Amino acid sequence: MSSTTKKVSLVLLLLMAGAAVYFVFFKSPAVPEPVLSEAPAAPESVYLPLTDLTGKEVAMDENKIAFVNVWATWCGPCNMEMPSIQTLYNKYKDHSKVAFYIISDEDAATVNPFVARKGYDLPFYQYAGPYPSALDGNAIPRTYIIYKGKILTEEIGASQWDRPEVIELIEKQLAEI
């Protein structure tokens, strides 16, 4: 190596060493830029905008215990549990703090003849939209008992809704209201 190359290498080495000392001892530490985080999303509501079978918009009452059943006329298990829902509804239909929402994606022209033929006296509604994630699913029947946005119980598949455990759940919640 020639003496000029050695001198240039030495100068470069000294410059790099000087820069390192400067950055380590004299340069103020870099203040990290604040990281902007997204505000937590508001919890998704479990209350659906509905229409009754005449097309009138209905809002679910958030101040009542809501019995929500998602069903279809063609669904065998849905048809099996409907009499017990009717019995439960008959027990609580006049209670000011309990509301029933029997919801189908089918149109009124399909649901009305079914209801008339079966003689049900339930509050049937339609919903055509994406269900909130807490109520979403592709299985029916799906049933939820909800109060103040909280799902108290959830059941997928046919059930006997007038059984003592369901009535105890509703009565316990009513006692706390």
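## The sheet

Seven strands form an open sheet of mixed pairing, in the order β2-β1-β5-β4-β3-β6-β7, where strands are DSSP runs of E of at least two residues, numbered from the N terminus, and two of them pair if DSSP finds at least two bridges between them. At the edges lie β2 (57–59) and β7, each of which pairs on one side only. Direction ignored, neighbouring strands of this sheet are turned by 35° against each other on average.

This is a predicted model, in which local features need pLDDT of at least 70 and side-chain atom pairs count only at pLDDT 80 or more, while totals for chains, interfaces and linings use all residues. Residues are numbered from 1 along each chain as its sequence is written, and side-chain values use heavy atoms, with hydrogens and water left out.

Strand β6 (residues 142–147) pairs with strand β7 (residues 150–156) in the antiparallel sense, over six bridges.

## Helices α2 and α4

Helices here are DSSP runs of H or I of at least four residues. The axes of α2 (residues 76–92) and α4 (residues 164–176) come within 12 Å and cross at roughly 30°; axes are lines fitted to C-alpha atoms, for helices over the stretch in contact, and angles run from 0 to 180 degrees between N-to-C directions. The two helices are therefore roughly parallel, because angles under 35 degrees count as roughly parallel, over 145 as roughly antiparallel, 65 to 115 as roughly perpendicular and the rest as oblique. In this contact, meaning heavy atoms within 4.5 Å, Leu-88, Lys-91 and Tyr-92 of α2 meet Val-166, Ile-167, Ile-170, Glu-171 and Leu-174 of α4.

Helix α4 also lies across β3 (65–71), β4, β6 and β7, and runs at about 20° to β6.

## Salt bridges

A search of the whole structure finds four salt bridges, each defined as a side-chain nitrogen of Lys or Arg within 4 Å of a carboxyl oxygen of Asp or Glu.
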